[in-house]
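Please open the model in your viewer and keep the selection tool at hand. The tour moves from one selection to the next and says what is found at each stop.

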Amino acid sequence: PVAGMPGIQYMLDRTLLRPRDIIEFFNLCIEQASDNARITRQMILTAESKYSAGRLTAIADEWRGIEPLVAECAQLLRGMKATFELKDLADEDVHTMCERFFIEHYQKKSAFLNVAKRHCEGHADASATQVRLALLNLFYKIGPVGVKPSAQEKYTWSHDGVPTLDGLGLDDNCNVRVQKTFRKSLNTNEGGPGNRD
């Protein structure tokens, strides 16, 4: 067992139930097994690290034409709890990221970069909260996070048929959950309340 569940269930839990994802994960497990007769728990966990990093790279590549800064934006999630409130992305970290994007990526065409530029220029419609919401919309749309708008609601995921967060009236208090596929590559902390998927 891995984390108290059969190995195959653990693996499926870390995919979006797409055949290509489970095949990729399983192939990485086979690589770890090489000459062994069976795939062990440690082999699955080692393969998961490669799988997770590969999936993060893949979505950054897939969305590069629309949003070239996906990989850079995702770094803001690094080291966060797997489940957190949007306001836990600290104002200072948001501001530092916006300044870096403003300086290093000024010429790129990016909807998020436009928000970052406006934040650096002090526009009222680009406060730290607005930047966080823009990031949330991006992460939600491309898949790494789900959102729980209020305590009474369940988590919503773009791959479950709700492609955007439009009309949900989200604010800094909404709960965000990093999808299990991406947790290893983002080094998210599994601890914290409400972390059962």
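Begin by selecting T156, which lies in the loop between β2 and β3, where helices (H or I, at least four residues) and strands (E, at least two) are DSSP runs numbered from the N terminus. This is a predicted model, in which local features need pLDDT of at least 70 and side-chain atom pairs count only at pLDDT 80 or more, whereas totals for chains, interfaces and linings use all residues. Residues are numbered from 1 along each chain as its sequence is written, and side-chain values use heavy atoms, with hydrogens and water left out.

T156 is buried, at a relative accessible area of 18%; buried means under 20%, exposed over 50% and partly exposed in between, with a 1.4 Å probe and protein chains only. Leaving aside residues up to four places away in sequence, T156 touches Y140, G146, V147 and V162, contact meaning heavy atoms within 4.5 Å.

Next, select C73, F101, F112, L136 and V145, the residues with the most contacts inside the largest nonpolar core, which has 39 residues. Such a core is a set of buried Ala, Val, Leu, Ile, Met, Phe, Trp, Tyr and Cys residues joined through side-chain atoms within 4.5 Å. Elements giving two or more residues to this core include α3 (41-63), α5 (91-104) and β3 (175-178), while α7 gives the most, with nine.

Finally, select C98, which is buried at 0% relative accessibility, and whose sulfur is 5.3 Å from the closest cysteine sulfur, in C120, too far for a bond.

Notes
A disulfide is a pair of cysteine sulfur atoms within 2.5 Å.
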